[in-house]
Amino acid sequence: MERLLEARISSAVDLRRSLGLPSANTNAYRLINSEGDRLSGLIVDIFADVAVIASSAAWVEKYREEIQILVSKVNGINHIRWRPSADILKEEGLDISEQMEHASSCSTVKVMENGIVYLVSLEGQKTGFYADQRENRHFISLLSKDQRVLDICCYSGGFALHAAKGGADNVIGIDSSGSALDLANENIILNELNPGRISFVKGDATAFMKGAISKNELWDLVILDPPKLAPRKKVLQSASGMYRSLNALAMQVVKPGGLLMTCSCSGAMTQSGMFLKTIQGAASMAGKKVTILRQAGAACDHPIDPAYPEGQYLSNYLLRVA
């Protein structure tokens with residue numbers, strides 16, 4: 001088992017090196033992507049010199065020590081954080097609540113993505129940072145020059161910061177999480193951005209967009225990246241209603257001929273093929289006509305095994321809204 005682990009982790013490292021990760025301007029990336037690296041139930045994200053290991057299988061817990069030793073040997077890794085998914089492990093008959101790791105003194109780490117500096121909370125959502133949207137964020141920076149940009153469900157400001165770096169005239173990020181926005185505001189300072197051109201607002205996405213519609217406020221470029229609304233198939237129907245409502249509102253705050261990048265990180269939604277239908281439903285609800293300009297998924301450090309299509313969870317569409 002140790003030899004198998006060593007071979008597969010080494011293969012994952014080699015694959016990331018061949019993709020140019022880490023690089024001089026990006027040191028936040030996914031080193032091991034579960035089934036995509038033939039290590040089901042094991043995810044490893046690298047943030048500068050910290051490896052965050054997310055465990056969601058009993059076998060991963062069993063070989064915890066061996067995995068930690070092998071990951072710590074990866075060049076540049078000085079710290080390991082172990083984050084078990086207690087709920088999933090409980091389904092496998094493993095109660096790890098007793099042995100949950102207490103937070104170490106290091107709760108944030110500074111990383112770089114596409115030349116932009118981020119403060120990542122190691123206590124944050126998932127492993128702490130969404131490296132899967134890296135290529136989509138970079139794409140936003142190419143579209144943002146002289147534009148008014150709105151980033152809805154912005155978390156720590158990923159898309160917003162890329163838009164600002166790309167030369168946007170004005171950027172607003174909205175999120176309901178105060179702790180995420182604390183990071184986002186720190187990130188403005190870290191990147192020496194003009195706070196007059198980028199700001200973050202704490203609030204509910206739906207309420208904010210309804211308010212903007214009532215005031216006839218419009219943006220050239222809108223990003224909508226909500227949290228996972230359909231964690232499993234049985235809530236797909238209600239989730240698709242929520243996605244439809246959010247997208248219909250987002251389309252109404254895009255200026256005619258402007259752009260909307262809309263995302264779903266719900267595997268159930270992506271695999272059902274319903275997301276595009278939901279977008280079409282949102283367009284007719286909003287009285288808009290949309291054209292697809294680009295379709296994307298997770299960044300290339302999130303490989304997928306074709307025998308496990310469930311690994312494909314992120315949908316990202318760039319739309320022209322008229």
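Me: How many aromatic pairs does a search of the whole structure find?

Reply: Six aromatic pairs turn up when the whole structure is searched. Rings of Phe, Tyr and Trp (its six-membered ring) pair if their centres lie within 6.5 Å; planes under 30 degrees apart count as stacked, over 60 as edge-to-face and the rest as tilted. One of the pairs is Tyr-243 with Phe-275, edge-to-face, at 5.7 Å centre to centre with 75° between the planes. Helices here are DSSP runs (H or I, at least four residues), as are strands (E, at least two), numbered from the N terminus.

Me: What should I keep in mind about the model itself?

Reply: It is a predicted model, where local features need pLDDT of at least 70 and side-chain atom pairs count only at pLDDT 80 or more, while totals for chains, interfaces and linings use all residues. Residues are numbered from 1 along each chain as its sequence is written, and side-chain values use heavy atoms, with hydrogens and water left out.

Me: Are Tyr-243 and Phe-275 buried or exposed?

Reply: Buried means under 20% relative accessible area, exposed over 50%, partly exposed in between (1.4 Å probe, protein chains only). Both Tyr-243 and Phe-275 are buried.

Me: Which residues do ring pairs link into a cluster?

Reply: That cluster consists of Phe-47, Tyr-118 and Phe-129.

Me: How many salt bridges does the structure hold?

Reply: Side chains of opposite charge can pair when their charged atoms come close. The criterion is a side-chain nitrogen of Lys or Arg within 4 Å of a carboxyl oxygen of Asp or Glu. The structure holds eight salt bridges. Among them is Arg-30 with Asp-45, whose closest N and O atoms are 2.7 Å apart. Because Arg-30 lies in strand β1 (residues 28-33) and Asp-45 in strand β2 (residues 42-47), this pair ties together parts 15 residues apart in sequence. Arg-30 is buried at 11% relative accessible area, and Asp-45 is buried at 1%.

Me: Which residue forms a salt bridge with Asp-301?

Reply: Asp-301 pairs with Arg-134, the closest N and O atoms being 2.5 Å apart. Asp-301 lies in the loop between β12 (290-296) and β13 (315-321) and Arg-134 in helix α5, so the pair ties together parts that are 167 residues apart in sequence. Asp-301 counts as buried at 0% relative accessibility, and Arg-134 is buried too, at 5%.
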